[in-house]
Every structure is written in C-alpha cells, then in structure tokens.
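Welcome, and please open your viewer. We will walk from stop to stop, with something to select at each one.

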Amino acid sequence: MNSENKNIVLNTKDLSIGYLKRKSKIVISEQINVSVEEGILVGIVGTNGIGKSTLLRTLGKMQPLLNGDVIFKNKNILDYSPSDLADVMSIVLTEAPASQNLTVLELVSLGRQPYTNWLGTLNEEDKGSILHALQLTDTEKLKNKKCFELSDGQKQRVMIARALAQDTEVILLDEPTTHLDLYHRAYILKLLKKLTQETGKTILYSTHEIDLAIQLSDKMIVMTPENVHYDTPENLIESNCFKSLFPDNMIEFDTTSKSFKVIK
Amino acid sequence: MGLALIVCFIINISLGSVSIPFKDVLSSLIGSNTKESWNYIIVDYRLPKSLTAIIAGGGLAVAGLLMQTLFRNPLAGPFVLGLSSGASLGVAILILGASTFGGAVGGFLLHSWGLVFASALGSFLVLLAVMAVALRVKDTMAILIIGLMFGSVTGAVVSVLSYFSDAEQLQQYIFWSFGSLGNMSWLSLFILSTSFIIGILISITCIKSLNILLLGENYAKSMGLNFKRTTFLIILATSILAGGITAFAGPIAFIGLAVPHLTRQFITTSNHKILLPAVLLCGSILMLICDTIAQIPFSEYTLPINAITSLFGAPIVIWLLVRKRKLLF
C-alpha cells in the first residue's frame, strides 16, 4: 500500500468552510488540508454541526468556499463550469428526490443528463451505463417501481445508482447511512467500498457510523472543533484522534475494539 | 395519444349548440358551400371558438405543468404567480377607472383590444415584479408565496376600485372575469395562437431541464443545470401562455391546476417529453368538453366558462386527493 504513488484527485489548501450571512463570513471549520488519492473510500466523521455536510457541499461547489483553495484534478474548483464539474463529480444528498412519482429507471436515467442532447434522449452508451449502475447497486429488479414505493435502504441504493450513471470519477455522499438499520448501514458502506475497488472511483462520504467507517474506509477525515485530521483509520487510532472527537465525560474510544463505549 | 386526438376532434365537430345544423351539413360547411347563415356561424363563430378552446385549454394546462415542476409543488398552477390577478387588475383599472380617461380615449380603450392590452400589460407587470423578486430570493417556495401575496394585493386593489365604480362598469368587469371563448375574430385568434406557439416552443426547449428539476434544485445544479436561466425561461413561457390566454379569454380557473394531475392518472411516466404533449392534449380536450357544456346544447343560453371549469376542476382535484390520499407530481 504505497499511497504516495497514487494520483491525487482532490486537494484542499488551507480551506475554510462555512456560510455567508449578510456579507459577513461565518466560519465553521478552517485550515482544512487534505489530499485524497485516486480510487479510495474516504469517511468523514465528526459531531453534529461540525461541518461535515458543509465540507462536502463546499467540495461539490454547492456552497461558496470562504478561504483557501480546492484543487480538483490539478484545476481549481472555481475554474470549473457547472457542466464541466457534472462530468467529473456526482453527489448523493440526504434529501429525497423532489418528485416521488419517478420510477427507479427514470431516476437513474436522469444521471445521464450531462451527456444527453437537448431533449435528453438516451443512446446505447447511456443505456449501457444505466444498466451497469443498476447492476452494481443491485437495483435492477426495482427499476419499474416508483420512488414512493421504496424502502429507505432501497432509496439510498437507487440514489447511488443515479450517481453511478453520471459516470464521474468522484462521488460525494452526504450521510448515506441515515435512517437505515445496522444491516443496511453496513450494506451501503460495503457497496461503496466495492465500488472504489471495482470501478476505481474515489468516494467521499460523511457518516455518524464511526465504527463501520473505521472498518471499511481507506482514509478518514476526522473533524474536531480544534482541527481536521486526515489519515488512515489505523494511524488515526494510534494518534488518539478519535478520543478528541466527543467530550470525554460520556463516551470514550476503546483502542482495542476500535469502537466507542459509553462510560457507566 | 392518437386516440385522444380523435376524441378531441369529434368533440370539436359535435359542438352543436345555439342553432342546430346537422352534423353532415357541418362537415360540408367546413369544406364550404350550402346555406349562407350556417356557413357564417360555423366559420366565423364556432370554428374560432373551438380553436380558442383548444389553445386555451392546452396552453393553461402546460403552464400548470411547468409551474408544478418548477416549484415542485402539486398545488402550483399558472395563476399562483399572480398572473391572473395582474390581468384582472389591468382590466379593472381600465373598466372601472375608465371615467378618468374620459371621452374618446375611454371609448377606444373600452374596445375589446383595450381589454386585451390592459390584461396583457397587467399580467406582464406582475410577472416582472415576481421575476425581480425571484432573482433575489433563492427559495422557490418563497417565490410561490410572493406570487400569492401579489395576488391578494391586486385583488384588494380591484375590490377598492369596484367599491367606487357604478353598476354598469362593475357588470362589464364581472362579465370579463367570467371568461369567454367566443367573440374571437380571426385576427385575435392569430395573435393568440402566435403567443401560444411561442410559449409552447420555449416549453419544449425546457423539457430536459424540467426532467432534471424533478430531482430537486440541488441535484439539478449538481448535474450542470443553469438554474437561474431555466427558472427564467420557465416563468417566461408560463407568462406568455397564461398571460396571452387570460388576455383574450379572461381568467379561466382550474384547468392549469387540475389537468396535469388528471393526466398523471393515465400517463405513468414523469418524463416531460411524453407528459408535456399529453397534458397539452388533455387540457384541450377538457376545455372543449367544458365549452360544450357551457353552451348548453340546443338552448340559447351560454354559461360563463370560468364557472364550468371550476365546477369540474375542483371536484376532480378533491376526487384525486380522496382516492390517492396524496397528490404526487
């Protein structure tokens, strides 16, 4: 595992994230320096409100960055037009699709939008990508179901299929494991892991499932009020990074079992 | 789809009402010859009227579909943006405030072209105001509410105006607000169909954007959609469609809201490439049916078209809600 030789896909330099409110900047987190290598699974963890979603949204250019740079494939993210960015980066958000009346096939097909003509007509290549996306996420059987008929776990897989159909090198997922039971949380994260291994995509996701993320992620971004760490889960455990994640009067990180325990 | 067209056409032909020409005579009249007076009724009254019905129904229904997708709200319709209230305000100022114009100017303005101009201007001005707000406010729901607020403000101004006007002017205004598909000259029909075609063409260029908007604003943006431009185009198409139709046929309620939902009952896809023409046809058909009913066939009375569309539209929406418990879009 010599990650040094791998290409860097996503790079942040002294990045500050937050939001603008009446022209004043409200910084949520700053001095974020990460270099994400190609084809790995990166879990982003931290407490509520620490800025996990904000970070993902900033990387996806859905929210303006406050300071510093995001370099995406050797090009500043600000230099990408929305349609250029759509060719290289897809997102999966926590929000459900606005229309619940879409069938799974229609929804996944919409992922081909950046490539289709003015009327959105699908060609053979598009259809191939859609089928492939359905197969990878095991949603082929669901393709004629309507969105409102799906369970939460199925919905999440379908949304991932849509991002896959968009055929981008990087996929950003905002809390893909919320509302899911333990089995489905593990299922989704294993699916993401499989996707990085089989398709070579780089996948960044935020989650509250720290235990699962430690087991499955190649690298992790740990966000604490003081700073942001980026390393492999093993190194992060060694450097006691997870201990600073939560106030230590309630739960503590057990280094041997690699999980959190409630202090009794 | 072809079947719908045929049904549409049959209803179009069987629009017999005020006087009673036979069906075969009617069809021969369209190809000219036979009795002069019937010829006049068909060519200069019924034909423009049914064409207006087709355009008004189809146009309003498409405008409704555009609004429902843009705002991702099943309750949106072409008039939630305050378009009809703007038109009403224009007409109200013209009719109810006509005394201030006085003499010849007032006489000219009260001519049907004056009404058309006033309602088009009214809806356009309201639209400009909504657009100006839309560029500042990012939230589409907020735009929806602002449109409703514009509606109540203009409604209030109309009430104030009607309070100060006399009975005759009030009656003229109320007649306009009933809506009417008749009394269309071929020239006004030409202008109406031109605005209709422009509106539909803009909608067609938006088909792809409309589909992507079904996922929601954020997903749409992440797939490279120019959201501001799309919003602008969709609102523009809606105002051209709804504004033009309101100008000539008066405010016609419920078609824009009910037809897209009705169409979704038998068209299962959400793809606008199929949905848009289907909604267009369905709107035209429904309008023709409403118009036929409004004529009360074989009697000399004509009911206000606006009342008929509401009488049918409201129960349809209620029926859909009761049956499905949820309006999906």
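Which residues touch the most other members of the largest nonpolar core? Select A:V108 and B:V279: in this core of 152 residues, they are the ones that touch the most other members. A nonpolar core here is a set of buried Ala, Val, Leu, Ile, Met, Phe, Trp, Tyr and Cys residues joined through C-beta atoms within 7 Å. Buried means that 20 or more other C-beta atoms lie within 10 Å of a residue's own; with 12 or fewer it is exposed, and in between partly exposed, the C-beta atoms being placed from the backbone.

Before moving on, a word on what you are viewing. This is a predicted model, in which local features need pLDDT of at least 70 and side-chain atom pairs count only at pLDDT 80 or more, while totals for chains, interfaces and linings use all residues. Residues are numbered from 1 along each chain as its sequence is written, and chains are lettered from A and ligands numbered from 1 in the order in which they are written.

**Stop 1: the core in chain B**

Now select helix 15 (residues 272–295) of chain B, which gives the core its largest share, 13 residues. Helices (H or I, at least four residues) and strands (E, at least two) are DSSP runs, numbered from the N terminus. Go back to B:V279 and show its contacts: beyond neighbours within four places in sequence, they are B:A61, B:V62, B:L65, B:V259, B:P260 and B:T263. Two residues are in contact if their C-beta atoms, placed from the backbone, lie within 7 Å.

**Stop 2: the rest of chain B**

Colour chain B by secondary structure and you will find 16 helices and 0 strands. Of its 329 residues, 45% count as buried. Next, pick B:S310, in helix 16 (residues 305–324) of chain B. Is B:S310 buried or partly exposed? It counts as partly exposed, because it has 18 C-beta neighbours inside 10 Å. Leaving out residues up to four places away in sequence, B:S310 touches B:A253 and B:F254.

**Stop 3: where the chains meet**

Show both chains together: 22 residues of chain B are in contact with 25 residues of chain A. On chain B, select helix 11 (207–213) and helix 12 (217–222), each of which supplies at least two residues of the side touching chain A. That side of chain B divides into 8 nonpolar, 9 polar and 5 charged residues. Here Ala, Val, Leu, Ile, Met, Phe, Trp, Tyr, Cys and Pro count as nonpolar, Asp, Glu, Lys and Arg as charged, and the others, Gly among them, as polar.

**Stop 4: the sheet of chain A**

Chain A has 8 helices and 13 strands, and 44% of its 264 residues count as buried. Look for its open sheet of 6 strands, in the order 7-8-9-4-10-11 with mixed pairing. Strands pair if DSSP finds at least two bridges between them. Strand 7 (89–92) and strand 11 (228–231) of chain A are at the edges with a single partner strand each, so one side of each has no neighbour in the sheet.

Zoom in on strand 4 (residues 41–45) and strand 10 (residues 219–223) of chain A, which pair in the parallel sense over 4 bridges. A:G43 has A:M220 as its bridge partner in strand 10 of chain A.
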